[in-house]
Every structure is written in C-alpha cells, then in structure tokens.
Amino acid sequence: MSRKQGQEQLSEAEQKYRTLVEQIPGVVYVSPINNTTKEAYISPQLQQLLGIAPEDWNFGFFKSWLDFTHSDDRDRFWQAVNTTIDTGEPLSVEYRMIRCDSRTIWVRNQANLVLCADGQTQLLQGLVFDISEHKQAEVALQESEARYRAILENQTELIARCLPDGTITYVNEAFCRFFGLKREEIIAQHYEPLVFEEDRERVFNLVNSISLENPVITLENRAITCQGIRWTQWIVRGIFDDQGMIVKLQYIAKQQGRDRVHAVCVVTPS
C-alpha cells in the first residue's frame, strides 16, 4: 500500500468516525489538558446545546467551557476535572450552563483521561448532554415529597412507613410522641419491639397473609407506648408491583379514647 493510499484510508476512517459522532444526542469533545489545541475537537451538537456554532468555538476548551458554566458551579466542575487529571478516574459531574440566549440548562459531563498518539499529550475524551428535563422532574418530585411530608407531620394520626420485612423507614411526629421515642431511635429498626410480646406472632401472621386476593386486613394488638400498654387497631393495605410482589404496606393511626387507638399504617420501601 502506498503512502497516498494509506492517507486516503485514514481520511475515510476519520470521516466515518465523525459521521457516527455527529449522530450522538450530545456534545462529543476531545480536549488536551495543556494549552495546545492540537487534537482538540467538539461536535456540531454544540449548536443545539449552547447555541454556539462549532466554528466559532475557542478550542482553549476549559477556558471557553468555564465561560458558559454557571458561576455557582464553576469551582465544583473544575475540581471534578482536576480530580480526573490527578487520579485518572473517569469524570462524571452534573452542573448548570448558560446558553447564548441566557437560558440556564443542566448538563451531565462524562469523560475519560487518555494518552494521545504521541505518547505524551493527555486528552479528555468526553460527552456532554442536556439533562434539564430530568432535573426539572427531580425538583418537582422533591417539592411534592416535601409537601407530602409537611402534610404527614401536621397530622394528629400516627403515621409510619416500613419495608415489607418490617424495617421502619419513616414515622411522623405524632408517632414519636405516642411511643415516646425519638425519630432516630425508630428509623431503620424493626417494629417488633413496639408490639406487645404475646401479640407479636399473631400480628406477623396476619400481616404475612396479605396477598393480591386479600390486600387489606384489620388487626388489633397491644402496643408498648410511653403511656404503658395500649390497644391499637390497624388497617393494613398491601401495595404490589407489576409482578404481584408486595412492595408496600400502608398505615395511619388515629387515637380513640384513652385506652384504645385506631390506626392505619403506611409501610413503603426506601
């Protein structure tokens, strides 16, 4: 093979590579970690991500990239890059960027540190993609959970969540007051110590009887509270996944007089 043929094949291979790269739904980049722009590359998706044409991009990559990174996130982004350079560990960081139209977006930047063909120049080869919709959904979920928790905390009913194996993952303040325990003394513990010993086997058997055919049960048992032994009544509802496996048990407790408590409990996986 002649040198000319070799160069033509190399050029053809590079063209195929660029064609594939430019179909990826994110910005592909190659950035030397020194000041040289040799081997630097950024894909045309930059136009869609930041509103910048690749031909207008300054290939002093990090300087340019920081110019478009949200001021509150620059230090965190740069620290993550330096950690990758120092340790060789893959880069994976989420942060905000400011587009040319002043709109703020969230991106995820993932890259690996590689050695250039010259055996000396280190490069970051990476992919940056827009995760704004994911972040918006995440924020909406957090706000929804915060509102839900606020509602639960303001209830006079005793409310708890547990895993199907009985491990408690959440209790509200009314529950803590009723049992005379701090939240940190209850979370991640089994509910068994709260049930009067002579009633435990019956309680376990009834809860274990919940199935798709029998998703709701009512049980009464004595509980060990800060006011001594109290009778409680529980309505327990099973929640199932698509395979019919139980993943949640729901409960809430409402006091009925001095000696008895009516309860419905909520038990969910963490």
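**Burial, contacts and cysteines in a predicted model**

Cys226 is partly exposed, with a relative accessible area of 47%; partly exposed denotes the range between buried, under 20% relative accessible area, and exposed, over 50%, with a 1.4 Å probe and protein chains only. Cys100 also counts as partly exposed, at 47% relative accessibility. A disulfide is a covalent bond between the sulfur atoms of two cysteines. The search of the whole structure returns 0 disulfides, the criterion being a pair of cysteine sulfur atoms within 2.5 Å.

The model is a predicted one, in which local features need pLDDT of at least 70 and side-chain atom pairs count only at pLDDT 80 or more, while totals for chains, interfaces and linings use all residues. Residues are numbered from 1 along each chain as its sequence is written, and side-chain values use heavy atoms, with hydrogens and water left out.

The protein contains 8 helices and 11 strands, taken as DSSP runs numbered from the N terminus (helices: H or I, at least four residues; strands: E, at least two). Of its 270 residues, 36% count as buried. The accessible surface of the protein amounts to about 16,200 Å², with 49% of that belonging to carbon and sulfur atoms; these areas come from the Shrake-Rupley method with a 1.4 Å probe, and for residues only the protein chains shown count as cover. Among contacts (heavy atoms within 4.5 Å) between residues at least 6 apart in sequence, 39% join residues at least 24 apart.

Trp57 belongs to the loop between helix H2 (46-50) and helix H3 (61-68). Trp57 counts as buried because its relative accessible area is 6%. Beyond its neighbours within four places in sequence, Trp57 is in contact with Ile42, Leu46, Ile52, Ser64, Trp65 and Phe68. One of these partners, Leu46, is 11 residues from Trp57 along the chain, and their C-alpha atoms are separated by 8.9 Å.

The side chains of Thr167 and Asp165 make a polar contact at 2.9 Å. Such a contact is a pair of N or O atoms within 3.5 Å; within protein, one must be able to donate a hydrogen and the other to accept it, and residues adjacent in sequence count only if both atoms are side-chain atoms. Leaving aside neighbours within four places in sequence, Thr167 is in contact with Arg161, Cys162, Ala188, Gln189 and His190.

Arg230 lies in strand E9 (residues 228-240). With a relative accessibility of 4%, Arg230 counts as buried. The side chain of Arg230 makes a polar contact with that of Gln227, at 2.7 Å.
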